[in-house]
Amino acid sequence: MGISCRPLLLFQTVCLCLMVDSIVCALPDWLVTKITTPTQLVDIAPDTIRLTNGLISRDFLLKPDFVTIDFYSHEKQSSILRAISPESVINLDGLFYNVGGVNTKISRGYLNRTGLAEDISLNSDAFHYVSHSTSKPEAPFPYRPKRYAPADIVWPPAGLRLDVFFRAPFWAPRYHQEVTVIVHYEMYDGIPLLSKWVSIQGLPAVRDRIEVFVNSIEYLAVNWQWAQGGYGWLHVENDVPHTSTRWFTEPSQGAMPGSFQQAVNCTYPQSGLVPLKDGFESFRVHLLAVGSSDPERFGLALKKKMRLLAPHTQENPIFFHMTNSDSPSLRKVVDQLADVGFEMLIFSFGTSFNMESDDPTYLERMKADIAYANSKGIEVGGYDLIVWTRGVPNYWMAEGGSGACIASGWYDYLLTRVLNFMDRTGLSMVETDGPYPGYKCSSTNHSHHRGVDDSQYWQLKLQSEFYKILREKEIYINQPDNYFYQGGSKTAMGYDENQYSLPRWQDVTVSRQGMYDDTFHYIPSVGWMFMPLVDYHGGGSAAAFEPLSQHIVEFEWGLAQYFGAGVAACYRGYRIYDSNETRAVVVKWVSFYKKYRDILTSDIVHVKRPDLQSVDGYMHVNPRLPIKGLVMVFNPTMDHVSTSLNLPLYYTGLTDVATISEQASDPKQFALDRAYNVEIPVDLRPLNITWFLVE
């Protein structure tokens, strides 16, 4: 009788889940309104739990084993899940195990819940569910807001963490019986976002005898509208760059012609075993149920995730790239920077600055120079080429790669030298060019990896640890890669370095186009642009902005478009002004940025892409500020343009009337249409710029 009741109980469980899901009212828009519903773990049926924040839910069956039976968007009233899969796949000493999951023969073309209730059994070959617990999210590194980041940042983010514990099947080798696998799920308040990662622990007696790897951190079979090959409503991203998020068609699609069976597997680029020792912890997978393929909405969702999980990227100091490193030159430009309101100086590439030096005389000089800059309110940082394309002694080079192997003794040398330099001099910023880009190393005598099979894992881990250590010291980090969730502050906004050898007007134009495109996915403060005050890659006098007073129009355009976008630019040269006129231009736009900093570092909504045939513009929006929007408008033509611009105000949070003023004067009221848009008049002389406040 007990066996025959089991399918009925599962059927009732599925029905109860669906009934709860159907009782959904219209939800506030989480991109406009602050959602205060706390994340909870609730029992929704016998042996069934739900992790939910009101926007998304993930349901788990506990018997016959732990398995995800639904991943649901309450916003879209749509299940993301198409088929049942194990929670993870691991490798212990060459033996592969599913973690959780169940056996079932139902089709993978769609999730037949009635069929699942009638055909489900324990997978005796898998690691099995033991218990679960909940706790608050833990910060991967400490952080407190600095450098004008929003003071109300919550870190770690509010939400709930679910840890699920698994043990080996009865038949597994004895050493494997002493291993515990923990699958972690972390859901956050106010955003349809779930993080997932896997850790492996062993008892002391077996830690040194077992080798492990996680071959799948998340394997998710999804419905068509959520798949990358469908509408693409689900964004899946690993928090460590150069790992694999692979979308593919499942082989089972052939058994149901005409079905659409896309799945995603999140894993490492290679699967070489590593010693368990003190434990294994994977990267984290971010699952963001955007529920839209609209580029603007999708981008705003990604930017909200960035602000939540990498809050330090909201720091946005105004910095200058210095091309001279001698003390007199440094102090002269520091005086200029302090005079106009800049906040940071970076010793640029191509100078004699050496962050790896341990020469006492040099360190003392740098300490004195940095102290002088700090006394003027200027932080100091410096450039270093650390891994990719870096030439180091042969015994530290990556065999088969294109630079240093950061899983060699080079890591220890570099970290020691950089930390020593910071401690001795007060350096508070680094620009680490060439972070580890993902290549293999076949060396068998490096300090931190055994051979080619484990080289990528250890290089990714150590590069991540390098940035976390710097972040814990509150160092600001420029890194032309995506190590944001490990502590990186800023990356290149997506430009081609050779564009800065173009003639100045071409450079300004294509830079504004590229910045317009890249801010679909980047918050303004996460990317940098570039202004070659002196010759950069060989463009000569046609490309360089020096002498500034002779090119003041182009200079001001560059200042306006970068400060107006809230995007820091690398102003690379030996001075920031060369006359009273150029000083006035710098002060004008620095003052503008500082006055409206909160809205200028808010997300951008795109109004009209630059095409040089008429005006173009973008708009910052923030429904939580008194100033709801700031619109930058450019006329790059040689014609006087009198036209109108359609402003999409939905993401400002305004619903009926907007008060709009040009350059903060003569405010006028505009009624929003049914699509939350208004049309404003624009009148601009040739090569002119203006801006509007939206309140």
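I take partly exposed to mean a relative accessible area between the buried limit, under 20%, and the exposed limit, over 50%. The model I am reading is a predicted one.

**Entry 1, Thr134.** With that definition in hand I looked up Thr134 and found a relative accessible area of 41%, which means that the residue counts as partly exposed. Thr134 belongs to strand E9, which covers residues 128-135. Leaving aside residues up to four places away in sequence, I noted that Thr134 touches Leu41 together with Leu160, Arg161 and Leu162.

I then turned to Gly573, which is part of strand E28, residues 568-573. Is Gly573 buried or exposed? I find Gly573 buried, because its relative accessible area is 0% and the limit for buried is under 20%. Its contacts, again without residues up to four places away in sequence, are Phe320, His321, Met322 and Thr323, along with Leu533 and Val534. For Pro532, which is 41 residues away along the chain, I recorded a C-alpha to C-alpha separation of 7.0 Å from Gly573.

A disulfide is a covalent bond between the sulfur atoms of two cysteines. How many disulfides does a search of the whole structure find? My search returned 0 disulfides. I looked up two cysteines for their accessibility: Cys266 is buried, with a relative accessible area of 0%, and Cys570 is buried as well, at 2%.

Last, I examined how helix H4, residues 327-340, packs against helix H5, residues 360-375, and noted an angle of about 10° with the axes 10 Å apart. The two helices are therefore roughly parallel, since angles under 35 degrees fall in that class. I recorded the crossing of H4 and H5 as right-handed. Which residues of the two helices meet? From H4 I listed Ser327, Leu330, Arg331, Val334 and Asp335, and these meet Arg365, Ala368, Asp369, Tyr372 and Ala373 of H5. Sorted by class, the contact of H4 with H5 holds 5 nonpolar residues, 4 charged residues and 1 polar residue.

Technical notes
Residues are numbered from 1 along each chain as its sequence is written. This is a predicted model: local features need pLDDT of at least 70, side-chain atom pairs count only at pLDDT 80 or more; totals for chains, interfaces and linings use all residues. Side-chain values use heavy atoms; hydrogens and water are left out. Axes are lines fitted to C-alpha atoms, for helices over the stretch in contact, and angles run from 0 to 180 degrees between N-to-C directions. Helices (H or I, at least four residues) and strands (E, at least two) are DSSP runs, numbered from the N terminus. Angles under 35 degrees count as roughly parallel, over 145 as roughly antiparallel, 65 to 115 as roughly perpendicular and the rest as oblique. A crossing is left-handed if the near helix is turned anticlockwise from the far one by less than a right angle, and right-handed if clockwise. Contact means heavy atoms within 4.5 Å. Ala, Val, Leu, Ile, Met, Phe, Trp, Tyr, Cys and Pro count as nonpolar, Asp, Glu, Lys and Arg as charged, and the others, Gly among them, as polar. Buried means under 20% relative accessible area, exposed over 50%, partly exposed in between (1.4 Å probe, protein chains only). A disulfide is a pair of cysteine sulfur atoms within 2.5 Å.
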